[in-house]
Every structure is written in structure tokens, then in C-alpha cells.
Amino acid sequence: MPNITTSPKGLVDAPKKYCKIILTEDAPNWHRLVETEGGGLEYRMGVGKWSEVNRRTFRSLVRTIVQTAKSHQLEYIALELSNSLFPKLKEFGDDWAARTIAENLSLASYEYRKYKTKEKKEKQLKEILVCGLGDKKLKTAFEEGLTIAEGANITRDIANATGDDMTPDALAKAAQITLKGTKATVKVFNEKEIVKMGMGLLHAVGKGADDAPRFIVIEYWGAGKKEKPVVLVGKGITYDTGGLNVKPSGSMHEMHLDMSGGASVIGAISAIAEMGLKKNVVGLIPAAENSVSATSMRAGDIATSLSGKTVEILHTDAEGRLVLADALTYAQKHYEPALMVDIATLTGAALVALGQHASAIMTKDDVLAQKLVKLGEESGDLVWPLPLWDEYKALLKSHRADISNIATNFSRFGGCIEGGTFLSHFVEKNIPWVHIDIAPRMNSIASDKLAKGATGEPVRLLVQLIKQS
Ligand code: BES
Ligand code: ZN
Ligand code: ZN
């Protein structure tokens, strides 16, 4: 990762070793690397009309600068971006711009090389100098952006690791290591304790694997214990083979990313603790490997959840909702949540519904849904609502148990909503709750201008949600 530094001075004063990034109103694909009279380097980049630049294209522009610097093997670059250039950005304030620049420089700089044995041969980007940051308020916003991006990059590191390395126990250790030295505490329940507690669903999902399940509890009491916490529940399936309803080849190899929801809870709380926010946050991560063996749960098995409800497991690949159900019940038994947010790579159907640009949100609280859509636009972690109407509940009526984990007629229609509907059975009516299906954002796509693999979403969204709660 390059160092990302700031200077109160303007870009004109940047020392010669820095290649200066100069934005122009030329077409966005226009660019020139030129040597100036004084012997310095300038990279001139078209961004299109200033008047057209909006929040989405601004973020993309910042990321393009990093991508370009890497592809030209520039070692030192300097830039100055003021949102006063862009009329559409003015209403969001200088501090939004400073935070956004920092976040996206850092997110675009991230690379994952844990399993590469050779160093890159090309020259590496060593430093990005951001000029014109003299104002204290802007500097603080910039630092905050770097902290949030670091939380997202930690999330990416945890998610990108193989299922072999990132076992449930390793995920618990990653939470402990990440949060060490902060005011957040981590408690880990082992398999015996999970069974004793009555988490029959988490146990059922994990029992086929050699690496036993864990239940990870993170607490951060930034506002003192009297205030109700926001509870973040993250799916922690460290590898999803599908279980005995095994996934076909081509659909399995990326399933080490199936703990991305859990990883985002660790990343978000790490950023929140680092920022010292005066907010209360609890993170719950039910962690298990959904494996294939003689001890795996079977299709047709019935397990008893922590809530006492019995669940007919009609499909072993719909395991995420099982582990989340027990974690949601735990949240309501042990805390008085002001809000519960679960984050999960829950369904392939979410990708069918939305493509790969936004996560799906489901909640019965329309005001909360609109707030999240707005925060999505502000942070860059886009989300879009799907309905959670009672009509969908009929899908899951089991004749053998209290509820089944997929539609009893095996219909795939509305699969994303079906996942949210299952979870809604484990949420008491008076508790505000939103389900975020992040499967669409599990992997980056070319237009993200990020390294391949985990995106670190929705850490930016979660931090803003808690900050503004
Ligand atoms: N982890 C998967 C969902 C997933 C699929 C995330 C592709 C990202 C990309 C989940 O556990 C799963 O397998 N869901 C099933 C549910 C079905 C059996 C009702 C699915 O989506 O097919
Ligand atoms: Zn699955
Ligand atoms: Zn899964």
C-alpha cells in the first residue's frame, strides 16, 4: 500500500519528485503524461464537463487516478481536488469531499498478495500526496476517510483468505487481533457452549466440518451501557460447499467469501472504535463451515433454533439464514437492540434481482429503508429495497416443523425475499431490523476500479449509519 499523505500547500508547490495529476474538462478517456519545462512530470486527465461530475463519478475519478498511477508505474503522485470545481458536489460540503477522496484513494490502492510468492517486478506506487488540506476540519474528515477505508480493507483481507486458512476459529482470532488495543471486547463461544446455549441451527450447519463452529460476540460501549446498542449480525460461513445439496462446480470456488458479512462487522467496528465514536455497537458473528461429510446435516432434518422454533432444513445450501436466525435471537435475548442490522452473502437470487451494483435491503420500516438508500449514495455502498410483505410468509409453511428454510414447493421465484422472510420469523415485532443481502457486492467488478475479490462493503455504509444514529 502506498503512503497517503497531505499538505496544506497547493499542488503548484509540490516537490519535483511527484507527478502532478492535472484534471481537465476533456473526455473522460483522454489522458497525457507530459514532461514540463522545469523537468517535472504531469499527468493530464480528462474528466468530462465539471458540471456533470456527481458523487458516483467523483468516487470513480479518485479511483481512476490510483489505477492510472499504477499502470504508468508512477512512484510518487500529487493531486489537489476541491469540490468547488464541481457544482453538483457543492451541497455535500468540503468535508464529504475530503472523506470521500481519502476513502477511495485507500480502497483503490489495496491489493491482496497473501498467496503470491514473488514480488511485483514493476515500480510500485509509494506515495500519494493530497495537497490543499490546510483546514483542520477537512484534515479531520480526511483522516476519518482513511480510517473507514482501513476498516473496509481489513474486511477484504479477512474475506479474501481461503476457507482452509480462515476457519471459524481463525475468524474469531482475526476479530481478536483486529480489535486488540481498542475499546472493543471480543468473546468467543466454542461448539460445546453453542450446543449448551441451544443454538441448534448454528450447530446443525457446522456439524459436518472438522473445524468446529464458533459464535463471536464483539461489544463496543462508546456511549456507556445505559444507551441501547445497534446490533450488527454478520454471516460467518467460512466456506460454503452447499452441504449435502452440494454446489455444482463453477459455483463453489468463491465460497470462501461467504463470511464477508461477518468480516464487514469486524471491519466496521474496528473503524468505529478507532474513530472513538460515542455510540454503542454489538457485533455478532455466527461462524461455521458448511461442509460435506457423514456428520453433515441432511435435507429433511429438523433442528431446534435458539428461539425454540423448529426448522425443517429442506435445502442444506440455504445455511446462512439458519446461522443468522440463532444470532438474531441471541441479540434479542441478551441486549435491547435500538436497531438490528444483519449483513449476509445470503442468496444468488439477490444478483438475479439487482445485478452487481447494489446490495439488497429488506425491512418493514420504510423510513429506515429510505435512510439507508440515502446513506448508500453518500458513502458509495449502494443498497436498494425489496419488499418484506407478509404474503411471502406462506412460502415457508412446513407441514413437519414450525417453518422450513426454503419454499416448500422448491420454487426459486423471489429467492432473495424468501431469505429475508425466513429471518423475519426470528425478529420480534417491536424491534427495528434491516436485512442486507450483500451477495451482489461479494466480488468486485471492473467498473468498481478495485482489486479483484472482496469489496469491503458495506463497511462505509455501516459506519455512517452508526455515526448518524
Ligand atoms: N452463500 C450462498 C449465496 C451466494 C451465492 C452468495 C452466490 C454469493 C454468490 C448461499 O448460502 C446459498 O447457497 N444460497 C442458495 C439458497 C437456495 C438454496 C434457496 C442460493 O442462492 O442458491
Ligand atoms: Zn449456501
Ligand atoms: Zn452461503
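Contact here means heavy atoms within 4.5 Å, and helices (H or I, at least four residues) and strands (E, at least two) are DSSP runs, numbered from the N terminus. The model is a predicted one, in which local features need pLDDT of at least 70 and side-chain atom pairs count only at pLDDT 80 or more, while totals for chains, interfaces and linings use all residues. Residues are numbered from 1 along each chain as its sequence is written, and side-chain values use heavy atoms, with hydrogens and water left out.

As for geometry, H1 (residues 55–71) and H10 (residues 366–379) pack at about 35°, and their axes are 8 Å apart. Axes are lines fitted to C-alpha atoms, for helices over the stretch in contact, and angles run from 0 to 180 degrees between N-to-C directions.

Next come the cores. A nonpolar core is a set of buried Ala, Val, Leu, Ile, Met, Phe, Trp, Tyr and Cys residues joined through side-chain atoms within 4.5 Å, with buried meaning under 20% relative accessible area, exposed over 50% and partly exposed in between (1.4 Å probe, protein chains only). The largest one holds 58 residues, and Ile158, Leu171, Ile218, Leu232, Ile269 and Val341 have the most contacts inside it. Helix H7 (residues 260–275) gives the most to this core, eight residues in all. Apart from it lies another core, of 48 residues, including Phe215, Ile237, Leu328 and Leu396.

H7 itself is mostly covered, with 14 of its 16 residues buried. Its end C-alpha atoms sit 22 Å apart, in agreement with the 22 Å that its 16 residues should span at 1.5 Å a residue; the expected span is 1.5 Å times one less than the number of residues. Beyond its neighbours within four places in sequence, Ile269 is in contact with Leu179, Ala184, Ile218, Tyr220, Leu232, Val281, Val282 and Gly283.

H3 (residues 136–160) is largely enclosed by the rest of the structure, since 18 of its 25 residues are buried. At its start, a side-chain oxygen of Asp135 reaches to within 2.8 Å of the backbone nitrogen of Lys137. Ala159, found in H3, is buried at a relative accessible area of 1%. Ala159 and Gly453 are 294 residues apart in sequence, yet 8.5 Å apart in space, C-alpha to C-alpha.

Glu219 is in strand E8 (residues 214–221), and its side chain is joined to that of Tyr335 by a polar contact of 2.5 Å. Such a contact is a pair of N or O atoms within 3.5 Å; within protein, one must be able to donate a hydrogen and the other to accept it, and residues adjacent in sequence count only if both atoms are side-chain atoms. Asn405 lies in the loop between strand E17 (403–404) and helix H11 (415–424), and counts as buried at 0% relative accessibility. A polar atom of the Asn405 side chain lies 2.8 Å from the backbone nitrogen of Leu314.

Methods:
Chains lettered and ligands numbered in written order.
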